[in-house]
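Please look through the sequence and the model first, and then follow the points below, which are grouped by topic.

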Amino acid sequence: MLLCLTANHRNASLEVLERLSQGAPTATRALVDDELFVAGAVVLATCNRFEAYLDIDEPLTGGEAVAVESVVEAMAEASDIPVDLLRSSVAVHQGPDAAAHLFAVTSGLESVVVGEDEISGQVRRALDTARAEGTTSGELERLFQKATHTSRGIRNRTGLRGTHRSLVRFALELASSRIADWSAARVIIVGTGRYASRTVEAVRARGAADIRVFSPSGRASAFAAKHGLVPVEDFGVAAADADVVITCTADAVVHADAFTPGHRVLVIDLGLPRNVDPAVGRVDGVELLDLETIRLHAPLDEFSAHSDARAIVGDAATEFAADREAGPAITALRSEVLGIVESEIARARARGAGDETEAALRHLAGVLLHRPSVRIRELAVEGRIDEARRALETLHGLTVEETAPTAGDAWSPRIA
């Protein structure tokens, strides 16, 4: 059973998201290691959402409610968040709803800036991290691979393709009302990761030429050489001469004493957890544009997704659930046919046949299996998988076990 717990820009404060991003990943790893009912977990943490996708192995009636409560309590404790607050800040999706939600997230349909093109990479990296830590499962692998496929389909088949919206670009759009001439602006980037690279590209697209980089971990010189920037060794000295400071790192928190009172500077904080102490915004001359402000000003209507993108997500979720139902029937048919083929190959080998005969028999089996397999999937999508099971039993004498039912219809979208 698939379960998704999500706290995002729609239902949780920035403070809750910050705490979850710091503490909850450890909790989900512990759940996989310690809890018998959690078979796998993938955690997606971005600047505007924290999501835990869990593969729950719980045969007991009502066991999903126990699983949800166990996960919430573990995340609350690890993140130092009151359990009641986390309950009110987390939405729950289960079964097909969890799949549909991930597909929409991966396609940028649930982002602050709808259609933004960074989230799909973040989803892929979340799966890579789960693989490296040994917390993924076969069902989660299938889910996330389908999400990536769906995202590509939406970008290729809808108006979302080519918009290239991102949180960085939108933040710079907001900032442009404060910056009269980007070509004359002195910009400091704090950070040297993938997000910093994207930020450099976006700032240059605005016309900025004087771009410097500061890294609290000492990687500024290498990053500057790669991107044609000027490295900064003393942030305070550089900030006293800067027009714009953009932070996008997990390695630093910028404090108020780094800025000179009276010097006008725009500080854009794109980090989660926060890279900039809120007190910075109270320094004379400093204007702070953080994620909370960006979220409040995001013109959601302007970036609304096309209805056909939502339709593609719905179809993909239906197909994902249908594949699960169709799997046992297809496996049973393939096992029978391939078993016959193996017997025929062995018989042909005994008569002196070579590799060419074996290859021909295997190819023939694949051709014969293709159309029935496609039809079984189609019947599953149409809600007629029982017809496929009866046909296999009537024609082949195969008994196909039903997949365990999901309780998606019984779930409220939010924990009460």
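This is a predicted model: local features need pLDDT of at least 70, side-chain atom pairs count only at pLDDT 80 or more; totals for chains, interfaces and linings use all residues.

Two strands are said to pair if DSSP finds at least two bridges between them.

**Strands S2 and S3**
- Strand S2, which covers residues 38-46, and strand S3, which covers residues 49-56, are paired in the antiparallel sense, with eight bridges between them.
- The two strands form a hairpin in which two residues lie between S2 and S3, and Thr-46 has Arg-49 in S3 as its bridge partner.

**Helices H5 and H6**
- Helix H5 (residues 119-133) packs with helix H6 (residues 138-157) at an angle of about 160°, and their axes are 10 Å apart.
- Because angles over 145 degrees count as roughly antiparallel, H5 is roughly antiparallel to H6, and the crossing of the two helices is left-handed.
- On the H5 side the contact is made by Ser-120, Val-123, Arg-124, Leu-127 and Arg-131, which meet Glu-141, Phe-144, Gln-145, Thr-148 and Ser-151 in H6.
- The residues of this contact divide into three nonpolar, four polar and three charged.

**Salt bridges**
- Across the whole structure, a search finds 22 salt bridges, and one of them joins the side chains of Arg-186 and Asp-243, with an N to O distance of 3.1 Å.
- Arg-186 belongs to strand S5 (residues 186-190), whereas Asp-243 lies in the loop between helix H10 (235-239) and strand S8 (244-247), so this pair ties together parts that are 57 residues apart in sequence.

Note on methods. Residues are numbered from 1 along each chain as its sequence is written. Side-chain values use heavy atoms; hydrogens and water are left out. Helices (H or I, at least four residues) and strands (E, at least two) are DSSP runs, numbered from the N terminus. Axes are lines fitted to C-alpha atoms, for helices over the stretch in contact, and angles run from 0 to 180 degrees between N-to-C directions. Angles under 35 degrees count as roughly parallel, over 145 as roughly antiparallel, 65 to 115 as roughly perpendicular and the rest as oblique. A crossing is left-handed if the near helix is turned anticlockwise from the far one by less than a right angle, and right-handed if clockwise. Contact means heavy atoms within 4.5 Å. Ala, Val, Leu, Ile, Met, Phe, Trp, Tyr, Cys and Pro count as nonpolar, Asp, Glu, Lys and Arg as charged, and the others, Gly among them, as polar. A salt bridge is a side-chain nitrogen of Lys or Arg within 4 Å of a carboxyl oxygen of Asp or Glu.
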